Amino acid sequence: MRRWKIGLLVLLAACVLVSVPAGAALPSLFTGDEAWYRDPLEPLVIRDGKTYVPADLFSALDGVTFSMPAEGNLLFENTATGAYVSILFSKNGSAAVNGEIVEGIGIYRDETTFYVEAAPVCDALGIRRETLTSDDGTVTMRLLSGDSRFTLEQLAAVYEADAGWQRGGPGFLPAAPEREDTRHRLYLLCTSPEEGASYVASVGLGEAGLDYTVFLWDDADPETILAGAVRGQYGVATDDSDDLVGSLEAANERIAVYTHTKTRLTLSTGDAAADEALREAGFCPITPDLTVTSFTDADEAMMAIDRWMAEREYAVVFFTDCWMSDQMIPRVAELLAAADDWTSANLGY
């Protein structure tokens with residue numbers, strides 16, 4: 001089990017929160033759980049009520065190939081089932097579909113990119129389609145040729161959250177000009193689940209209905225990564241003391257594949273020199289006011305939180321995966337429920 005320094009830590013590190021969006025806008029196309037990497041150049045197109053997708057999108061699907069055996073001949077194949085669609089651009093969408101001639105499949109060319117009508121090609125190849133329409137009428141489509149871990153709504157939520165991150169001012173709080181909720185913030189932190197942990201802080205926080213920030217371990221699996229990112233802003237964590245900065249950078253790169261954003265948030269090491277090295281590398285080490293471990297005195301900790309709520313505008317509590325966190329989380333939830341001017345919060349709010 002990873003071990004954290006014990007005791008109360010006094011103040012948030014002075015730093016600037018920088019969130020680096022790698023693609024904040026919601027893509028118009030997904031293949032499985034992945035955004036279409038050429039979406040800015042080859043997005044979904046709607047013509048006369050029909051949806052068109054770039055032909056080369058199909059090559060990004062598992063078990064599906066796209067090729068052009070001759071100029072203007074577009075061939076799509078499902079290698080698992082043998083299903084195929086062969087379209088002749090010069091014949092206005094005339095196609096051979098699994099041994100039968102079909103007329104009128106929508107097709108057009110946008111400079112060097114061929115677009116095909118999604119419905120008939122997907123249906124012939126056994127590819128599932130999902131669509132999501134945003135409040136502004138923007139349509140996102142996902143094509144699936146196999147299993148997926150996440151719903152399209154879950155994937156969209158990551159992008160919608162990412163679009164709101166901004167460069168903050170002094171301290172860790174990002175600018176929030178549109179925030180209408182003026183209640184004071186109790187920022188609750190935890191890590192992604194420890195391997196083999198009997199008590200998982202993120203589960204307890206979620207079950208208590210509290211908002212919180214997850215610091216993702218550098219070996220977190222994709223499902224855990226997206227679950228953490230959907231909560232709002234997230235951080236990265238590592239127990240590699242030999243190469244702290246390198247491990248956090250590597251974690252950022254790996255996690256960004258799924259979240260489409262990079263974070264600069266990490267947890268304080270408890271060592272001033274190590275934290276300064278993190279800042280010089282561009283990270284923002286967060287020092288909680290209270291770190292809850294198995295050795296924490298729950299009554300004293302609750303009195304401290306109650307005192308901060310009477311004296312401050314915000315406080316920060318970090319729950320490790322331990323039995324004491326499991327005991328304290330419901331008590332914190334009760335305390336917040338009775339306080340009209342305080343609420344739990346993610347670091348992004």
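**Helices and sheets, term by term**

Modeller: Helix α7 (residues 298-311) packs with helix α8 (residues 323-337) at about 30°, and their axes are 11 Å apart. This is a predicted model, in which local features need pLDDT of at least 70, side-chain atom pairs count only at pLDDT 80 or more, and totals for chains, interfaces and linings use all residues. Residues are numbered from 1 along each chain as its sequence is written, and side-chain values use heavy atoms, without hydrogens and water.

Biologist: Why is α7 called roughly parallel to α8?

Modeller: Angles under 35 degrees count as roughly parallel, over 145 as roughly antiparallel, 65 to 115 as roughly perpendicular and the rest as oblique. The angle here is about 30°. Therefore α7 is roughly parallel to α8. Axes are lines fitted to C-alpha atoms, for helices over the stretch in contact, and angles run from 0 to 180 degrees between N-to-C directions.

Biologist: Which residues of α7 and α8 meet?

Modeller: Contact means heavy atoms within 4.5 Å. From α7, A298, D299, A301, M302, I305, D306 and M309 take part. From α8 come M324, M328, R331, V332, L335 and L336. The contact holds 10 nonpolar residues, no polar ones and three charged. Ala, Val, Leu, Ile, Met, Phe, Trp, Tyr, Cys and Pro count as nonpolar; Asp, Glu, Lys and Arg as charged; the others, Gly among them, as polar.

Biologist: Now the sheets. What is the order of the five strands in the open sheet?

Modeller: β6-β7-β8-β9-β10, paired antiparallel. Two strands pair if DSSP finds at least two bridges between them.

Biologist: Why are β6 and β10 edge strands?

Modeller: β6 (64-70) and β10 (100-102) each have a single partner strand, so one side of each lacks a neighbour in the sheet. Neighbouring strands of this sheet are turned by 20° on average, direction ignored.

Biologist: How do you know that β8 pairs with β9?

Modeller: Four bridges join β8 (residues 84-88) to β9 (residues 94-97). Pairing needs at least two, so they pair. I87 stands opposite A95 in β9.

Biologist: What is the pairing in the sheet of four strands?

Modeller: Mixed, in the order β3-β2-β14-β13. Six bridges join β13 to β14 (residues 139-144), which run antiparallel. R129 stands opposite L143 in β14.
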